[in-house]
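Work through the exercises below with the model in view, and compare each solution with your own reading.

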Amino acid sequence: MSDAMRELQRKCGVSADGQFGPNTARAIAKLYKLSPEGAAHFLGQCHHESGGFRRTEENLNYSADALRKRFSRYFKTDEQSEEYARQPEKIANYVYMDVNRKYPLGNTQDGDGWLWRGRGFIQCTGRFNYRAFASEMRLPEVMDSPDLVATEYAMESALWFFQKNNIWKHCKHVNDEAIEKVSRIINGGDHGLKDRVNQTNKIYGWLA
């Protein structure tokens, strides 16, 4: 389990054993003043996005085949995919640089793609998003040490993402329709929808 989960448990006042379960879920909901419904949606999505709260940093160690599937807009040939395969820093410094993107992330300087790669329980990606998170949450240290989003502020960055994208308004009820709506906002599609539904319903059972 990640150090970020242990840090979160310490904040919540429960045993920092690194395991996510009912007591930790209840403590998180209480600390951040979330309703059972809101907390279930939020924690269910975080659980899926972070692989059960184990990952707080984007895994870019893609094979050539995986690159073609995950970043099809950027890797259109086998030769190009092979050139970048299993090189996370090189991949990030290609797909996340503004010069290569339709929608800018604020990554304009050499190495920005890797420096501002995805971190947190719901991955914060790109200089623009890190700057907005740091400013709105009054955490200026994040701009000097972005790894803090993967450790100390993994949960806060996810909460900020929900707020920034106005997701809470869809979290008043826990049902398949609401979970799918929230999932599409986060993921842009229905990737992993079954697990998102299962995790949200399980956590709601702990909290309701």
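**Exercise 1.** Determine which helices each supply at least two residues of the lining of the largest pocket, and how that lining divides by class.

Solution. Helix H3 (36-49), helix H10 (154-164) and helix H11 (176-187) each contribute at least two lining residues to the largest pocket, helices being DSSP runs of H or I with at least four residues, numbered from the N terminus. By class, the lining comprises 13 nonpolar, 11 polar and 10 charged residues, where Ala, Val, Leu, Ile, Met, Phe, Trp, Tyr, Cys and Pro count as nonpolar, Asp, Glu, Lys and Arg as charged, and the others, Gly among them, as polar.

The model is predicted, with local features needing pLDDT of at least 70 and side-chain atom pairs pLDDT 80 or more, while totals for chains, interfaces and linings use all residues. Residues are numbered from 1 along each chain as its sequence is written, and side-chain values use heavy atoms, without hydrogens and water.

**Exercise 2.** Describe how H3 and helix H12 (residues 193-207) are oriented.

Solution. Their axes, lines fitted to C-alpha atoms over the stretch in contact, with angles from 0 to 180 degrees between N-to-C directions, come within 8 Å and cross at roughly 140 degrees. H3 and H12 are therefore oblique to each other, the class left after under 35 degrees (roughly parallel), over 145 (roughly antiparallel) and 65 to 115 (roughly perpendicular).

**Exercise 3.** Describe how H1 (residues 3-12) and H2 (residues 22-31) pack.

Solution. The angle is about 60 degrees, with the axes 9 Å apart, and H1 and H2 are therefore oblique to each other. By class, the contact of H1 with H2 (heavy atoms within 4.5 Å) has six nonpolar, two polar and one charged residues.
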